[in-house]
Amino acid sequence: GSSEANEQLAEFPPRGWNSYDSFSWIVDENTYMQNAEILAKKLLPHGYEYAVIDYLWYRNYVDGAYTDSYGFDNIDEWGRPFPDLQRFPSSRNDKGFSQVVNKVHGMGLKFGIHLMKGISLQAVNGNTPILDIKTGKPYVEDGRQWTARDIGLTHRTCAWMPHGFMSVNTDIGAGKAFLRSLYRQYADWGVDFVKVDCIFGMDYSPKEIFTISELLQELDRPIILSISPGTEVTPALAKNISQHVNMYRITGDDWDNWKDVSSHFDVSSSFAAENKIGATGLRGRSWPDLDMLPFGWLTNAGVNQGPHRKCELTSDEQRTQMALWSMAKSPLMYGGDLRHLDNDTLSIITNPTLLKINHYSINNMEFHHVYSERTSKEVKHYSRFRSQDPMHLPNIDGVALGLTACSDDKANGWYMFSQHGRSDHICRNYGMQDDRNISFCLGKTKPLLTSDDTIIQNEEYQTKFHLAIMDSDDACLDASATQRKTSSDIKFPNFSRCRWHAMQMWELNEKGNLISSYSRLCATVEPNNKGVVTTGAVACAWIATGNK
């Protein structure tokens, strides 16, 4: 009721369990309920309350189905996904999760699901009508009925699931009506938490984030909004988004290796320094999210397999991860199979001091004046790429390319470099050597139509171009990754076969921004100073004010 709607959403960083690290996408009702029961018994007393089903709960688990397979999804007559009835038999009654939700609520827990942004390719190809929830009939505007094909943006399919989902056009009434029909249905099922994916980071889709946030505010049921992935997220990017959500990923996927864990130190520190921890959010507060805790009994990323191996982090590494996540006040979502929860792991994730810090400390920030004796600096010498000869392959080693919000000053400074008789280049200076600018350049080419691409040559595409390595036709700069990235992977730059997709379209504006047509994020170039190899311990300290 209305009293619920008035309480602060995500007053503390949310805690719970998510099925991804242990089940990939193949979790079923039985294993989910077993995990929920243990969550309620052993972890709910420590504040872990959300039981979240991760991605593809609507996909049939049969031969041929995998992360980016096509044609295996259950969608209703309005183009909306419903659970795989083999894996979730109690969904047969209402083609929804109501029965599972009731059981979960009965245990004192809250229910969450993972969603992909937009609409499925299957719905667009099937051209399903759009439900107008105000009338219960197909959506009509301007005297005609609107369908999935009117709202699906076929050149903005999700970079790492192109046969799965694409963005919807939220500028038109029909696009909003479709999303409204989705979120109203989730509220009717009793959902408490939605994790919307392929909508942030390098897959940034701000209009859809704003629309979902508005639609959730229309509902009388409070629903936590979590967004993902966190690849290449900067405080500048989160600036316009945090007030519309409750938690947002700030790194790629975190798995059980120390490289992934250690990549979270600097990024969490930068969000703390910008006062993003616990800032205003949707109907409450918002939290930078460092991803799930991959401890205990696990599977591997994206496979068709359940839990079958132990966490590869040492006990000290797990404790370090738990300490950083707690100090940075990240949401705490356990990822291992709770049916194999051992006492050591249980004691790490229920450490009372860390859990208090995670919820009740304030002014959390990195304390930069700690020195470690144990780091050995080996500074690598990088070969430089001279602007005098922009035809050479840029040495990606010497520079770090990134993506950020276009309002970020680091995004300015790109320019067109034209040389008589040679194709244009797009360049940016990033340093000085011997009193000369050193610049980084990429070849500018007009996108060619390949036989399998059809596109209307409209105004919108006149100003756009591909960026290629050295006039090559088979390696164009991608604005996102075709595979999901872990937090320690190099996410950008990525080059792949040149094709007609927003992911490879770029434009240069008067301000000197190089803008991606896929995410509207802007490219940055900096000298790569990460030539420091650390051995042994990395000293890192945080400080905060306690509640006593």
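**Notebook: salt bridges, surface and loops**

**Entry 1**

I looked up Arg 484 and found it partly exposed, with a relative accessible area of 26%. On this scale, buried means under 20% relative accessible area, exposed means over 50%, and partly exposed lies in between, with a 1.4 Å probe and protein chains only. The model is predicted, so I noted its limits: local features need pLDDT of at least 70, side-chain atom pairs count only at pLDDT 80 or more, and totals for chains, interfaces and linings use all residues. Residues are numbered from 1 along each chain as its sequence is written, and side-chain values use heavy atoms, with hydrogens and water left out.

Which residue does Arg 484 meet in a salt bridge? The partner is Asp 197, at 2.6 Å from N to O. This pair links distant parts of the chain, 287 residues apart: Arg 484 sits in the loop between strand 25 (476–478) and strand 26 (494–496), and Asp 197 in strand 11 (residues 193–197). I took a salt bridge to be a side-chain nitrogen of Lys or Arg within 4 Å of a carboxyl oxygen of Asp or Glu. Helices (H or I, at least four residues) and strands (E, at least two) are DSSP runs, numbered from the N terminus. Asp 197 counts as buried at 3% relative accessibility.

**Entry 1. A second pair and a network**

I then checked Asp 291, whose side chain meets that of Arg 249 in a salt bridge of 3.2 Å, N to O. Asp 291 lies in the loop between strand 15 (284–289) and strand 16 (297–298), and Arg 249 in strand 13 (residues 247–249), so the pair ties together parts that are 42 residues apart in sequence. Asp 291 is buried, with a relative accessible area of 4%, and Arg 249 is buried at 2%. Salt bridges with shared partners join Asp 197, Arg 249, Asp 253, Asp 291 and Arg 484 into one network.

I counted 18 salt bridges in the structure. One of them joins Arg 180 and Glu 218, with the closest N and O atoms 3.0 Å apart. Arg 180 belongs to helix 7 (residues 173–189) and Glu 218 to helix 8 (residues 206–218), so parts 38 residues apart in sequence are tied together. Are the two partners buried or partly exposed? Arg 180 is buried, with a relative accessible area of 19%, while Glu 218 counts as partly exposed at 47%.

**Entry 2. The chain as a whole**

I noted 14 helices and 30 strands in the chain. Of its 548 residues, 56% count as buried. Among contacts (heavy atoms within 4.5 Å) with a separation of 6 or more, 72% are between residues 24 or more positions apart. The chain exposes about 23400 Å², and carbon and sulfur atoms supply 49% of that. Accessible areas come from the Shrake-Rupley method with a 1.4 Å probe; for residues, only the protein chains shown count as cover.

Which residues are joined by a cis peptide bond? I found Ser 228 and Pro 229 joined this way, with omega about -5°. Pro 229 is in the loop between strand 12 (224–227) and helix 9 (235–238).

I also looked at phi. Ser 24 is not a glycine, yet its phi is positive, at about 50°. Ser 24 sits in the loop between helix 2 (20–23) and helix 3 (29–43), and is buried, with a relative accessible area of 0%. Lys 95 also has a positive phi, near 50°, and is a residue other than glycine. Lys 95 lies in the loop between strand 2 (50–53) and helix 4 (98–106) and counts as partly exposed, at 40% relative accessibility.

**Entry 3. The end of the chain**

I found Gly 546 in the segment after strand 30 (541–545). At 51% relative accessibility, Gly 546 counts as exposed. How far apart are the C-alpha atoms of Gly 546 and Asn 363? They are separated by 9.0 Å, although the residues are 183 apart along the chain.

Met 365 counts as partly exposed, at 38% relative accessibility.
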